Amino acid sequence: MSSKVFAIDFGTSMLKIYKKNEGVIFDEKNVVALCDGAVNAIGNEAFEMYGRTPDNFEVTFPVKFGVVADFANMLALLNSAFSNLADKHGKTNGAEFVVAVPSDISEVECRAFYDLLWSSSAKPKKDKVRAVHKPVANAIGAGLEVMTANGIMVVDIGAETTEIAVMALGGIVNCKKVDIGGNRLDENIINSVKKRYNLIIGSKTAELIKKELSCALPPKEAKTLRVFGRDVMTGLPTEAEIDSAFVYESIEEPLRSIVDAVKMILEKTPPEIASDILDTGVYLTGGSANIKDLDKLFAQETELDIHVCENSANTVVMGLGKIIENAKYSDLKMTLDKMANGG
Ligand SMILES: Nc1ncnc2c1ncn2[C@@H]1O[C@H](COP(=O)(O)OP(=O)(O)OP(=O)(O)O)[C@@H](O)[C@H]1O
Ligand SMILES: [Mg+2]
């Protein structure tokens, strides 16, 4: 493999790009802002505009539930990112690419990831775009040994998806992607604030409330945050003080659904591997794994050891990085043909 190799995690919330031997070179909101149809800003700059734009602007997240929902805008965003990165990190022309794809997507959804790179300004050769199953990259990024016969369980709780996977020998034994993640928690907070305080808040405020106050178990100490929004009745700007117990009640149900999905996968895990998991525990990754006491909730419900991985939002892209830098993982990278044949 040449040294010009880029690995990409197309997240619902974040776009992360790793360059071989350099590390993560892009880690920003997966957002594009268009003005009269042309790209005006991407990434965090575009996200700043979210909810504040005039009519001729459109600010969109082109990935939904872990798959490419808006091909044209994702391509525009990617090309713009490549062009912005060129000065500092070199051009992408003729480079090789490795992308992480969710484990249980359809063939059409999977093809879209390859098509994106093939259609991009980098114009890679067909066989220079390869994909890796996201849970495998995730486990490697979490520092786990995936190539041995020992079974491991990793739960990636992102923005719109939670991907639960049991793996051994570099492959997936059992997996499930549920469409619940941090965004669902934000939506629940928006709805609860509206009901309780007659206050309409935006998704950025909801995310801030979640990051500051959320807790997966009834909070032991009360924390509060003053937030601003619009009164439902008068339509005028107003404020309210939100507390951690209220936030806990708002997000309890989706967190339970995630725990239930994990329990379901555990029940379907072959006994030999289940005993490995009993030994090693369950690894939580993804940005939403940072919710306070989430490990305690999982431990309480599964009676297993729970580990929240360090830098949990970046384990997939860091795993991709290890895969492109280490020959022992070369069999994990699949061309579209191989991926379509079940890997
Ligand atoms: N400290 C925190 N506390 C709670 N949630 C957080 C924290 N930091 C980030 N998040 C949430 O993590 C999510 C983003 O995580 P991540 O980067 O893993 O998502 P993604 O990979 O873009 O999404 P997906 O995997 O669903 O496609 C967002 O919902 C964000 O609000
Ligand atoms: Mg993700």
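## Reading strand β12 and its neighbours

In this predicted model, valine 155 has isoleucine 164 of β12 as its bridge partner.

Biologist: Which strand pairs with β12 over six bridges, and in what sense?

Modeller: Strands count as paired once at least two bridges are found between them. Here β11, residues 152-157, pairs with β12 in the antiparallel sense over six bridges.

Biologist: How many residues lie between β11 and β12 in their hairpin?

Modeller: Four residues separate the two strands of that hairpin.

Biologist: What joins β12 to strand β13?

Modeller: Seven bridges do, and β12 and β13 run antiparallel. Strand β13 covers residues 171-178. One of the pairs is threonine 162 with its bridge partner in β13, valine 178.

Biologist: Which residue in the turn between β12 and β13 has a positive phi?

Modeller: Leucine 169, with a phi of about 50°. The hairpin formed by β12 and β13 has two residues between its strands.

Biologist: Is β12 largely enclosed or open, and why?

Modeller: A residue counts as buried if 20 or more other C-beta atoms lie within 10 Å of its own. Strand β12 spans residues 162-168, and six of its seven residues are buried, so the rest of the structure largely encloses β12.

Biologist: Turning to the whole chain, which domains are assigned?

Modeller: Domain 1 takes 5-133 + 316-340, and domain 2 takes 144-308. Their centres, taken over C-alpha atoms, are 25 Å apart.

Biologist: How many residues of each domain are in contact with the other?

Modeller: 15 residues of domain 1 contact 16 residues of domain 2. The domain 1 side of this contact has five nonpolar, seven polar and three charged residues.

Terms used
Residues numbered from 1 in each chain as written. Chains lettered and ligands numbered in written order. Predicted model: local features only at pLDDT ≥ 70, side-chain atom pairs only at ≥ 80, totals over all residues. Domains from an automatic or database assignment. Contact = placed C-beta atoms within 7 Å. Nonpolar A, V, L, I, M, F, W, Y, C, P; charged D, E, K, R; others polar. Buried ≥ 20, exposed ≤ 12 C-beta atoms within 10 Å, placed from the backbone.
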